[in-house]
Amino acid sequence: MNFSMRFSCAVCFLAAAHAVDTDEDCSMLQTRSLGTLKTTPAETCEYIDGDSGVGWSIATTTDIQGVGTFHGPFGGVGGVSVSKTITKTCWAGSRATVQLRVVAAGGWDYQHRYKGTDYARVFVNGFEVFTGTSHYSYCREGFTAYGSAEAAAFAAEDSGSCCTKCYSDVEALIDIPPDGNVEIVVQAQTTENLADECLYFSSLTVVPEVETSDPTECEFVDSDTGYGWNPSTMLSGTAFHGPIGQTHASRSITKDCWAGAGVTTQLRVIAAGGWDDARKGVDYLVVLVNGVEVWRGFSYYGNCESGWTAFDAAEAEQFSECCTKCYQDISFTSVVPASGEYWIAVQALTDESVSDEAVYFTGLTVAKDPAWNEGDSTDADYTTTTTVAPTPTPCTPIALPDADPTSCLGRVNHHRTKWGLPPQSENTALHGCVNRQSQYDSQHGAHRSMRMCQTPSQGQGGGGNCANVIDAFYNERWACRETHPVGTPFKTFDHGGTTYYHASRNCGQACLDDDACISYDFVVGSQADSCRFYSEATLPENLHPSVERRLYCAAQTCDGHCGPIMKEGCDLTFAWGEYSGFYTLSWRGNPAFSTQGEACPSQIEGVRCEPGTDLLVYPLSATSRCWETCYLAGAHADDYVCDDTKTADCSAHSDSCYCKSNV
C-alpha cells in the first residue's frame, strides 16, 4: 500500500494553516488523494454561507473593519454552540469538502493550572472534524497569527480584545447521508467571559464531488479526517485516527455492489506506548468486520514484535506516548451480507490509560475482490457471521476429582460443560516437565521450548491463576459489534463499569463465570440492565445498532488457543505447568517414557539418570534433544548442561546423552 500520499493530504484537510513541506499546495494533494474515487467537482451543487447569520441557531455577526464579516463573537463561561443544517437533494449520498475559518481571539488558556484548556471544535453531522486550542501569549500549532493591522481591528471590538488573534482554516472531507442533510456545529468551549476570550468563524462552504458513472467502481477510501467514525477522534495535525485506549472505533459503510460479495480491506494499524507482554497480561489490537475478528496483534514496550515496523525518530515524535511506536500494514478479505452493509471496528484490548497504551490507525480502503468466486461463498478465505454450536459427543462417563474453579482442570471443564461437551482429564505424568517448560519460556520467550515435553499443541500466558489464562484463551472466540442481539436475555444486572474497559471486563467476566451464558451485551454506565446474558449466540447479518449503542458479544467458532479447550471428542487429556505466574497448557502429548536408570535429581517423570561421574541421561522421548534433556534432569533447571565433549550433537535426537554440571 502507498500511504505517503494520503498521509500528507489529510494533514492539509485537517488544518490548512499548517506549514506543508512540499512544493504542491493542498488543492493539488486533495485532487490526487481522490483520484481513486474517479470524482469531479460539481459545478452547481455547492453551498456558500455568506456570513449573514441567516439560518444559524445564533445569528450574531460582526464586521471586523478591513478584515471581513464573521459569525460571533461566541463563548463565555461554560461555552456555547452555534449550528445550522443545510439540505440539498443534489448532493445526497455523495462526498463533499467542508471549509471554514475559525478565529480564537483574546486570553485563551492551554493547560492552565486552574482554568484548564479552552477549545474550538467543529462537528459535521455529529462527527468532530476539528479540535483546536490557542494561547493568550502565542498562536498554538494549527493556528496562525493575524498581522498587526488585522489584529488591531479585532482588538477594537469589545470581545476578546486582549492578547492574541489566531486563525485556523479548517478543511474536512465528509460523506453526505442519503437525506442530503449537512448539520454544521461550531463550538466555543471556553471558561471565561466574552470580554476576555471568544470565538469567531467565517467563510463556510460545502462543495460536493459527484461520482462518475464508471460501473466498475466499487471501492471505499476513508477520508482520514474522523468523519463517519464513532468516536471521530484524530491525532491533531495528522491522518491518524486515535488515540484509542480500552475501547474501539467503528463505522458502517453500505454499497449495493458489495452485497453478498467478498471485499478486501487494507489499513495501517499502530501500537504506541507501554504495551505489555505475557507476564503482565498481553495487550492486543483487534480488528473486526461485521462482528467477526479478522486480525489480532500485539506489540511490546521494549521493541516492535515480529511483523511490526518501528517508526523512525522523526515520525515517532508525532505520538506523545512513551516507549515504542510500531506499525503494521494489514490486509484481509471478508464477505459482505446481502444488505451490502460493512461494519468495521478497530479495538484496543489494553489495560492501562490511553496516555500509556494507545492504538491508532489510518489508510482504510475497502474494495470488491475481483478474485472472489461468487459461486462459493463458503471459501475458507472469507469470514462469516454464523455461529455453529458444538454437537454433544456421547462418551463413557469418567470420574474426575472435584477441581478448584480457579484451576486449569476446573476451568477447562467449566467451559466444556456449558456447551454440552464431555470433560477432559489431566495428564499428571507430564506436570513436572511442563513446569520446567514454563520456566524456560518465561525467561526466553513463549513457545521456545515447544518440543521439550513432546506435546505438539500448546498455549501459554500469564495470569493470577490458571483460570485467568484459560479464560484468555476462550475469549478469542468472542465476536462483538454494535447491533441488536438475537433472543431474550435470561439475566440482567448492573455491571458497575463507568468506562468501556471496565464495562467490557465486568460484564464479559460475569458471562464467563455463568453456567449458561454464551453471549452478552452491555452499555457503558450504571443502570439496572447495563449487562444482559443470553443462552444463544448468533450475530445477525444486518446491522441495526440499538439506540443505546450497546455492544453485543457472541461466542463464535473456537479456533486458535481456544480450539483445544473446546475440541469435541472423548478421553481428551492435557497437561499444565506454571512458573512465577506464567502458565503452559499442553495437549496431544502422551510420550512413551524410558524405564532405564533411576529418577533424576529433578524427580521429573520421563527423564531417567545413570548416576556417576558422567551423568548419563535417558530422555523423555527418542525425539528429545540433549540440551532439553539436561535442562529437565537437575534439581534446578540450570544445574546441568549438555556435555558436548561426550555427546556428538547436543541439538540432535538421541536415546541417551551426557550432561555435566553447569559451573
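At 3% relative accessibility, Cys609 counts as buried, where buried means under 20% relative accessible area, exposed over 50% and partly exposed in between (1.4 Å probe, protein chains only). Cys609 forms a disulfide with Cys600. This is a predicted model: local features need pLDDT of at least 70, side-chain atom pairs count only at pLDDT 80 or more, and totals for chains, interfaces and linings use all residues. Residues are numbered from 1 along each chain as its sequence is written, and side-chain values use heavy atoms, with hydrogens and water left out.

**Chain overview**

- The chain has 10 helices and 36 strands. Helices (H or I, at least four residues) and strands (E, at least two) are DSSP runs, numbered from the N terminus.
- Of the 663 residues, 52% count as buried.
- Take contacts in the chain between residues at least 6 apart in sequence: 74% of them join residues at least 24 apart. Contact means heavy atoms within 4.5 Å.

**Disulfides**

- A disulfide is a covalent bond between the sulfur atoms of two cysteines. The criterion here is a pair of cysteine sulfur atoms within 2.5 Å.
- By this rule the count comes to 12 disulfides.

*Cys45 and Cys90*

- Cys45 is joined to Cys90, with an S to S distance of 1.8 Å.
- The link of Cys45 and Cys90 is right-handed, with 75° about the S-S bond.
- Cys45 lies in the loop between β1 (39-41) and β2 (47-48), and Cys90 in the loop between β5 (80-87) and β6 (95-106), so the pair ties together parts that are 45 residues apart in sequence.
- Cys45 is buried, at a relative accessible area of 6%. Cys90 is partly exposed, at 49%.

*Cys600 and Cys609*

- The sulfur atoms of Cys600 and Cys609 are 2.0 Å apart.
- The torsion about their S-S bond is about 105°, so this disulfide is right-handed.
- Cys600 is buried, at 1% relative accessibility. Cys609 is buried too, at 3%.

*Cys630 and Cys659*

- Cys630 and Cys659 form a disulfide with their sulfur atoms 2.0 Å apart.
- This link is left-handed, with -90° about the S-S bond.
- Cys630 sits in helix α10 (residues 626-633) and Cys659 in strand β36 (residues 657-661), so the pair ties together parts that are 29 residues apart in sequence.
- Both Cys630 and Cys659 are buried.

- Cys198 is buried, at 0% relative accessibility. Cys162 is partly exposed, with a relative accessible area of 28%.

**Helix packing: α6 with α10**

- Helix α6 (residues 431-444) packs against α10 at an angle of about 110°, with their axes 10 Å apart. Axes are lines fitted to C-alpha atoms, for helices over the stretch in contact, and angles run from 0 to 180 degrees between N-to-C directions.
- α6 and α10 are therefore roughly perpendicular to each other. Angles under 35 degrees count as roughly parallel, over 145 as roughly antiparallel, 65 to 115 as roughly perpendicular and the rest as oblique.
- The crossing of α6 and α10 is right-handed. A crossing is right-handed if the near helix is turned clockwise from the far one by less than a right angle, and left-handed if anticlockwise.
- From α6, the contact uses Cys433, Arg436, Gln439, Tyr440 and Gln443; from α10, Trp627, Tyr631 and Leu632.
- These residues divide into 5 nonpolar, 2 polar and 1 charged. Ala, Val, Leu, Ile, Met, Phe, Trp, Tyr, Cys and Pro count as nonpolar, Asp, Glu, Lys and Arg as charged, and the others, Gly among them, as polar.

**Helix packing: α5 with α7**

- The axes of helix α5 (residues 408-418) and helix α7 (residues 466-474) come within 8 Å and cross at roughly 35°.
- The crossing of α5 and α7 is right-handed.
- α5 contributes Cys408, Arg411, Val412 and His415 to the contact, and α7 contributes Cys466, Ala467, Ile470, Asp471 and Tyr474.
- By class, the contact of α5 with α7 has 6 nonpolar, 1 polar and 2 charged residues.

**Gln454**

- Gln454 is in the loop between α6 and β24 (457-462).
- Gln454 and Ser624 are 170 residues apart along the chain, and their C-alpha atoms are separated by 7.7 Å.
- Not counting residues up to four places away in sequence, Gln454 touches Arg588, Gly589, Pro591, Leu620, Ser621, Thr623 and Ser624.
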